[in-house]
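Please look at the structure below before reading this note. The points that follow concern a sheet and a group of aromatic rings.

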Amino acid sequence: MKYRLPLFIGIILTFIFINGCSAKINNSVTFTNLSQGNVIVNFRGEAITVTPGNSVIVQEIPKGTYNYDTNYSIPANAISGSSQGAVSGNLIISAGTKILILYSSTLIDGAYILIATISSSDNQGAPTGP
């Protein structure tokens with residue numbers, strides 16, 4: 001009878017420890033292409049092609065800093081092309097990080113412009129205090 005409570009507490013603590021130590025990495029980067037042409041992202045040693053109107057999700061990325069770079073195809077009705085925004089850079093992955101890189105485009109007087117924006121679930125600002 002006197003061993004029942006310590007045994008019960010031991011079982012509960014073991015259960016909490018096992019469930020709290022998950023081996024699954026819950027980090028992801030999503031590349032979404034809303035532009036008029038194909039986007040090819042060089043990320044973690046892979047060329048990831050994202051066709052217009054589609055997304056590609058890269059999951060289970062270990063913690064660390066990774067660089068990426070973007071190439072794109074110019075539509076047939078464009079004369080020239082350029083890019084703006086977050087078409088390349090470094091991604092800092094921490095525990096539970098979710099990043100979205102969103103590609104869009106515009107065509108002005110035959111000039112195709114690819115625009116990339118980025119958002120992250122991590123706090124990117126410096127802490128503020130009194």
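The numbered points below describe the sheet and then the aromatic rings.

1. The model is predicted: local features need pLDDT of at least 70, side-chain atom pairs count only at pLDDT 80 or more, and totals for chains, interfaces and linings use all residues. Residues are numbered from 1 along each chain as its sequence is written, and side-chain values use heavy atoms, with hydrogens and water left out.

2. An open sheet is formed by 4 strands in the order 3-2-5-7, with antiparallel pairing. Strands are DSSP runs (E, at least two residues) numbered from the N terminus, and two of them pair if DSSP finds at least two bridges between them. Strand 3 (46–50) and strand 7 (88–93) are at the edges with a single partner strand each, so one side of each lacks a neighbour in the sheet.

3. Strand 5 (residues 64–72) is joined to strand 7 by 6 bridges; there, Tyr-68 has Gly-89 as its bridge partner, and Tyr-66 stands opposite Leu-91. Between strand 2 (residues 39–43) and strand 5 there are 5 bridges, and Val-39 stands opposite Tyr-72.

4. Phe-31, Phe-43 and Tyr-66 form one aromatic cluster. Rings of Phe, Tyr and Trp (its six-membered ring) pair if their centres lie within 6.5 Å; planes under 30 degrees apart count as stacked, over 60 as edge-to-face and the rest as tilted. The ring centres of Phe-43 and Tyr-66 are 6.1 Å apart and their planes stand at 65°, so this pair is edge-to-face.

5. Are Phe-43 and Tyr-66 buried or exposed? Both are buried (under 20% relative accessible area; exposed is over 50%, partly exposed in between, with a 1.4 Å probe and protein chains only).
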